[in-house]
Amino acid sequence: MKNKLLFFIMLTLISLCGCKSTYNLEPESASDLAAEGSVVVVRPDRYVLFGTRSAADYLRITYCNMTQNAGGLPEIKLGIKNVSGNHWWDMGSEDFTIYVQAVFYKEPLKGQSTRSAPIFKTNKQAVFIKRGKTQDLSFISPVKGAGGYQIIISED
Amino acid sequence: MSCKLMLILSTSALVVIFSGCSTPQVSSHGIVDIDSEVIEGGIGSNEVRTVAQKMCPAILSLPDIANSNSVTRIAISPMKNSSRFIVNTNIFMKKLRLDLNRYSKGKIRFFSQNNARKTRHRILKNRRENHVEASLNDIAKQFVQSYIVTSSKKQLRLATIPVLSTNLVGMNADSMIATLRSKIAGKSKGKVVFTMPGTVNKADYLLTGQFIADSIKKEGIVNLVDYIKVMNKRIKEGKSLEVYERTAATKNSGVQINLVNKEIFLHKPELFRQIQASANLRAEPNVTKKLNLLVVNAKDKLVVFEKLFVIEKKITDGTAKSNLILSGEITSMTKKQSGKIADYLLITMQLIAPESNEVLWEDGYEVKKASVTGIVYQ
């Protein structure tokens, strides 16, 4: 009984030594960052065994490029198509709303394993896409000097 | 009682007890994403932010602004709400102004059209007092150094007479003449002396002036001090302070106070009521006020020295310097059927040239929203 009590006390003390007041945050993996594309969709709210809940499955990019407008400001033009209902297990096609946000960076993003702070970020703009239709979107940054961008799409 | 029956009864009792318990609905508050629509339908933060973020770079891209080396000043006109929604339209302009200030790098400036007005007026009024004092000092110095004083071999005698009001009612600049008089006397070191106030005997020159308002109409105030003086006099004389409408036709226009018997009659009681009710008439008019100081030869009444100076400038909001006016409108079209409501919203912004009234730039954001309302509460 005495040994058991001692063992319990020692176990408690050892466990307490592992408690800290702060914990370091792990940085995002460099390879994951480098693999990110110009147009990304946030992960679904949950993964399911059959089918998909990701908006990436319902959307396709028809075009995406960054140019300068007449005022010399960087402008991203993006075409997104609703291709929902293209699986044998998901034949029903839907019209839905997505939220699109454009982030402008100083340097191009492709292949970059590190990120710098963006020079400008738009708000999340609501876009309604009818089934089979392509929505043409445009985002202009009021800050000049953008060399790269990323479009982030989410369901809310 | 058998064990089985006891068990059933106790279980039932527990079920009854716990079914009576409920977690009360408590309020919860939390921070949500700025762009998320927590409540569907209507105009929300997403529309405000999207409009600002579309219009801001569009305005900055305009050739008149992008290629200009000078600052563009924009006055804001309140946004018009022609939709069915009760919206604080100021928030659209505020957000757009924030973004333009943030990203224009000083190329665009706005006027403070509503904020800080009282504080600004107070500061400007305080500064005026220093300005008037400095101006009177300067004029006194100029007069003492003028040909009239320097060439005179004898001591000059001046008298002050009340300032003539050109188009100012209920106000006078006699206090400034009194101040100037003492400054002239001080700076002249005995070369110029003044007669007692109210006397002009044996004066060589008369110091007076014209009090001018920069306006094409008469400006002034209903001077409370004068009003009180009249009322006090009537009270001492035992006269009534009642106002009666004169029934007989009169040939004079305007407000006149005729003391008849014990009552005060006014020819235009409506005007009097307006004067009583209007706070503007009891406040100093906001016009540029100037004083034209005159030194007049007492014999031939010719003006020998004249100096015009600005006592106080009209306080403006600065929008006269604006290059453009920023305005906007929220318009909507609504369809309702069986509890379903569809709203088409068009939010437009314009830049207008003040002189020509031309719309130099216009852009819009459109969105359609659907909502469902309960049939019972239609």
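Leaving aside neighbours within four places in sequence, Tyr149(A) is in contact (C-beta atoms, placed from the backbone, within 7 Å) with Ser38(A), Met66(A), Ile76(A), Ala102(A), Val103(A), Phe104(A) and Tyr105(A). This is a predicted model, in which local features need pLDDT of at least 70 and side-chain atom pairs count only at pLDDT 80 or more, while totals for chains, interfaces and linings use all residues. Residues are numbered from 1 along each chain as its sequence is written, with chains lettered from A and ligands numbered from 1 in the order in which they are written.

Tyr149(A) is also among the residues that touch the most other members of the largest nonpolar core, which has 43 residues; such a core is a set of buried Ala, Val, Leu, Ile, Met, Phe, Trp, Tyr and Cys residues joined through C-beta atoms within 7 Å. The largest share of this core, seven residues, comes from H2(B).

## Helix H4 of chain B

Helix H4(B), residues 90-103, buries Phe92(B), Leu96(B) and Leu100(B) (buried: 20 or more other C-beta atoms within 10 Å of the residue's own; exposed: 12 or fewer; partly exposed in between; helices are DSSP runs of H or I of at least four residues and strands runs of E of at least two, numbered from the N terminus). These three cover an arc of only 60° around the axis, taken from the directions to the C-beta atoms, which puts them on the same side of H4(B).

The face turned away from that buried side carries the exposed residues Asn90(B), Leu98(B) and Arg102(B), whereas the buried residues pack against helix H2, strand E3 and strand E15 of chain B.

Note on methods. Contact = placed C-beta atoms within 7 Å.
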